[in-house]
Amino acid sequence: MNLDSIEFSNASQEVTGSLVSGKLSFNNRGLVFRNPGTGKNLVVAPTDWEDVFWIRIAGAFGLKFFLKSGPMHQFAGFKETDFEPISKFFRNSYQIDLKEEDKSLKGWNWGSVKFRGKVLEFNVERQVGFHLPLNYVSQCTTGKNEAVLEFHAHEDASVALMEMRFYIPQEGAEGDPL
Amino acid sequence: GKEEVAGPRLKKANVAYRNINNFPTDDEVKHLQIYVDKRAETLILPLFGEPVPFHISIIKSVAQSVEGDYTYLRINFLHPGAPVMGGQEKHVFSHPEAQFLKELTFRSSNTKEPGELAPASSNLTNTFRLVKELQKKYKTREQEEREHEG
């Protein structure tokens, strides 16, 4: 099987916590997401893909792209049966493995913070708690044992995250993420 | 979950879900709103496009406020140094090197959009009420277990 492209017309891109519908394709240019609202295309060449993860989102599935240039792109709207053709296409066309994300379901608020490019990763016992794209942060302040992150609110998000505070054990345990 | 939280007595940390198949697929979760899972005693919060679980036992308090056209919901989590409710003692945790999520604030509009039955902020208002109920239920049960153990 050697297809030139695969297409998902009911995909959506995650933008500051909201989902924006559009068409996601993979072809010789790499990842192409067309937003019919703006008419704009997001194009990311596979040479800029650092890691790609297949993720589970509340009974549905998604894709998370970590780019060598730093940002993360996240898409939703896939079925379980999409994994096989997507991973096959990535392997054959781009020689890239689609990995499955190991997500924490423990429900704990303690763990460790690390950085993947311009993304903060909060891990709970070596499993992923959540990923925070640093470009969503509008302001960051640090106090004693504390880091406060404020976010740009998405206009269309019915529930928008405005602020997140971390407790940091000792000073110097974490650098300023910005 | 073998992680231990040292308190008045050593106690294993509660685990929200042991298996992905138990993770709720209700509309609120799918639509990236807040969802309170009474069965699993867990609050599911939308963080950067993904539903993330937080067990009720680590939630210290919730606060709700209305400012202009918006409702705000603040969720405070237990973390080292946080005072225990109603007492002078502080929470002590057996993993001092860990970083903790301490607080989250969400915002929703109080304006009802055309075609909607309720304003977006009803999700926050319901969450506030349901978390309070769940906390009460959880604390009562904990108390009973403690008394039972003597």
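## Briefing on chains A and B

Of the contacts in chain A with a separation of 6 or more, 36% are accounted for by residues 24 or more positions apart. The model described here is a predicted one. Chain A has one helix and 14 strands, and its domain assignment gives domain 1 (6-100) and domain 2 (112-167). Chain A also touches chain B, with 38 residues of chain A in contact with 44 residues of chain B.

**Overall form of chain A**

- The radius of gyration of chain A is 17 Å, which agrees with the value near 16 Å that a compact globule of 178 residues would have.
- Taken along the principal axes, the C-alpha atoms of chain A fill a box of roughly 55 × 35 × 30 Å.
- Among the 178 residues of chain A, 34% count as buried.

**The two domains of chain A**

- The C-alpha centres of domain 1 of chain A and domain 2 of chain A are 22 Å apart, and ten residues of domain 1 are in contact with 14 residues of domain 2.
- On the side of domain 1 of chain A that touches domain 2 of chain A, five residues are nonpolar, four are polar and one is charged.

**The eight-stranded sheet of chain A**

- An open sheet of chain A is built from eight strands in the order 4-3-2-1-7-6-5-8, and the pairing within this sheet is mixed.
- Strand 4 (40-44) and strand 8 (98-100) of chain A are the edge strands, each of them pairing on one side only, while neighbouring strands of the sheet are turned by 35° against each other on average, direction ignored.
- Strand 1 (residues 6-15) and strand 2 (residues 18-27) of chain A run antiparallel and are joined by eight bridges; within this pair, Q13(A) has V20(A) in strand 2 as its bridge partner.
- The hairpin of strand 1 of chain A and strand 2 of chain A has two residues between the strands, and T16(A) takes a positive phi near 35° there.
- Strand 2 of chain A also pairs in the antiparallel sense with strand 3 (residues 30-35) of chain A, over five bridges, and a hairpin of two residues joins these strands; here N27(A) stands opposite G30(A) in strand 3.
- Strand 5 (residues 49-57) and strand 6 (residues 60-67) of chain A pair over eight bridges in the antiparallel sense, with F53(A) standing opposite K64(A) in strand 6.

**Individual residues of chain A**

- N92(A) belongs to helix 1 (residues 83-94) of chain A and is exposed, because the number of other C-beta atoms within 10 Å is 12, and a residue counts as exposed at 12 or fewer.
- Although N92(A) and P133(A) are 41 residues apart in sequence, their separation in space is 29 Å, C-alpha to C-alpha.
- E125(A) sits in the loop between strand 10 (119-124) and strand 11 (127-133) of chain A, and E125(A) is partly exposed, with 14 other C-beta atoms within 10 Å.
- E125(A) and W108(A) are 17 residues apart along the chain, and their C-alpha atoms are separated by 9.8 Å.

**A three-stranded sheet in chain B**

- In chain B, three strands form an open sheet in the order 3-4-5 with antiparallel pairing; its edge strands, each pairing on one side only, are strand 3 (35-37) and strand 5 (50-55) of chain B.
- From one strand of this sheet to the next, the twist averages 30°.
- Strand 4 (residues 42-47) and strand 5 of chain B run antiparallel and are joined by six bridges, and H55(B) in strand 5 is the bridge partner of T42(B).

**Where chain B touches chain A**

- On the side of chain B that touches chain A, where 44 residues of chain B are in contact with 38 residues of chain A, at least two residues each are supplied by helix 1 (27-30), strand 4, strand 5 and strand 8 (99-109) of chain B.
- Strand 8 of chain B supplies the largest share of that side, ten residues, and the residues of the side as a whole divide into 26 nonpolar, twelve polar and six charged.
- Strand 14 (residues 160-167) of chain A and strand 8 of chain B run antiparallel and are joined by seven bridges; in this pairing between the chains, E163(A) stands opposite T105(B) in strand 8 of chain B.

Conventions
Residues numbered from 1 in each chain as written. Chains lettered and ligands numbered in written order. Predicted model: local features only at pLDDT ≥ 70, side-chain atom pairs only at ≥ 80, totals over all residues. Domains from an automatic or database assignment. Contact = placed C-beta atoms within 7 Å. Nonpolar A, V, L, I, M, F, W, Y, C, P; charged D, E, K, R; others polar. Pairing = 2+ DSSP bridges. Helix = DSSP H or I, 4+ residues; strand = E, 2+ residues; numbered from the N terminus. Axes fitted to C-alpha atoms, helices over the stretch in contact; angles between N-to-C directions. Rg over C-alpha atoms; globule rule 2.2 N^0.38 Å. Buried ≥ 20, exposed ≤ 12 C-beta atoms within 10 Å, placed from the backbone.
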